[in-house]
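Below is a short report on how the parts of one protein model meet.

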Amino acid sequence: MVVTITTTTGELWAAVETFDAETAEIALARLFWDVPLSGAVTGVVLPFLREVGDRWEAGTLSVAHEHFVSDMLRRKLSALSSVPPHRVLEDATAPSPVVLLACPPGERHDLVLLCVALMLRERGVRPRFLGADTPIPSVVTAARATNADAVVLAATRATAFTAHSSSLLKLAEDRPLYLAGRGADVQTVAEVGATALPDDPVRAVVFLVGALNELGGSW
Ligand code: B12
């Protein structure tokens with residue numbers, strides 16, 4: 001597994017530098033075949049994204065490369081989310097908690113949120129992923145329509161949350177609301193009556209699953 005992770009990271013960087021989408025796709029396909037989802041996400045996808053950010057900030061990676069990586073990962077992660085986990089294939093009617101995930105208006109950084117949705121699914125949760133730039137009234141409508149057991153919002157800027165304080169306060173009264181990402185600082189989380197998720201996406205999944213179990217639904 002360690003070999004796959006190191007090899008994939010090396011292959012990905014070589015492919016990204018030359019915009020070689022085919023090689024990158026093969027490397028990712030092999031990774032997700034060989035390594036369990038959370039291992040692939042924490043071992044390759046998140047560190048890779050972090051390094052893209054570091055190189056981009058250092059000026060050693062162009063905006064074109066960064067967009068290329070984001071698009072490639074998004075396509076792969078979205079494809080993975082269209083394959084039902086074994087548990088669902090075995091019994092699609094078995095009760096399990098529903099978690100609604102979205103980014104507030106103006107927020108486009110949804111790749112980590114998508115990873116979290118996939119890892120939640122692996123743990124038996126039914127994620128309902130709305131993705132980037134979602135109007136808060138639509139989040140509220142979807143939360144009611146899905147009878148979500150929890151709502152997770154992620155953003156890089158606190159203002160993406162605080163611009164909707166009163167709506168988010170109401171949403172938090174209706175059902176458990178969790179904030180995540182760089183914008184979810186202590187003050188902001190308190191202002192909208194939410195709970196902060198751990199910054200580490202894997203710890204956040206464990207935390208959420210624990211909280212859902214404590215809520216004690218019928219799953
Ligand atoms: C990829 C990327 C994009 C992609 C996003 C693709 C996508 N669909 O997600 C695209 C190209 C769309 C993009 C656009 C922009 N981006 Co951008 N982007 C990045 C980049 C390079 C990587 C982001 C990333 O995924 N990082 C990897 C993750 C693992 O790290 P992280 O974001 O720090 O997240 C950590 C935690 O916060 C947590 N976390 C994050 N989300 C969640 C969600 C959950 C549920 C949980 C539990 C945890 C969690 O997990 C990580 C744990 O370490 C960063 C640079 C960087 N250093 O991160 C800039 C960065 C985030 N972008 C930035 C900016 C400014 C922009 C733009 C405004 C640029 C522009 N002028 O057009 C636009 C528009 C943004 C918008 N309206 O939302 C800034 C944000 C600064 C800020 N706080 O306001 C950054 C930090 C770059 C910088 N230093 O200036 N970007």
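## Domain interface

On the side of domain 1 that touches domain 2, the elements giving two or more residues are α3 (37–58) and α4 (63–81). Helices (H or I, at least four residues) and strands (E, at least two) are DSSP runs, numbered from the N terminus.

The model is predicted: local features need pLDDT of at least 70, side-chain atom pairs count only at pLDDT 80 or more, and totals for chains, interfaces and linings use all residues. Residues are numbered from 1 along each chain as its sequence is written, and side-chain values use heavy atoms, with hydrogens and water left out.

Domain 1 spans 2–81 and domain 2 spans 95–215, with bounds from an automatic or database domain assignment. About 1,200 Å² is buried between them, and carbon and sulfur atoms give 74% of this. Buried area is the accessible area (1.4 Å probe) that two parts lose on being put together, summed over both. L37, R74 and L77 supply 38% of the area that domain 1 buries against domain 2, more than any other three residues.

H109 is the only protein donor of the ligand's cobalt atom, through NE2 at 2.2 Å. Donors are N, O and S atoms within 2.8 Å of the metal (3.2 Å for Na, K and Ca); water is not among the atoms, so sites may look incomplete. H109 sits in the loop between β1 (98–102) and α6 (111–122).

The side chains of D110 and R74 form a salt bridge at 2.4 Å, N to O. A salt bridge is a side-chain nitrogen of Lys or Arg within 4 Å of a carboxyl oxygen of Asp or Glu. D110 is buried at 5% relative accessible area; R74 is partly exposed at 29%. Buried means under 20%, exposed over 50%, partly exposed in between (1.4 Å probe, protein chains only).

## Around R175

R175 lies in the loop between α9 (165–174) and β4 (177–180). R175 is buried, at 11%. Its side chain makes a polar contact with that of N147 (3.5 Å) and a salt bridge with D174 (3.3 Å, N to O).

D174 also forms a salt bridge with R144, at 3.5 Å. R144 is in helix α7 (residues 136–145) and D174 in helix α9, so this pair ties together parts 30 residues apart in sequence.

Note on methods: A polar contact is a pair of N or O atoms within 3.5 Å; within protein, one must be able to donate a hydrogen and the other to accept it, and residues adjacent in sequence count only if both atoms are side-chain atoms.
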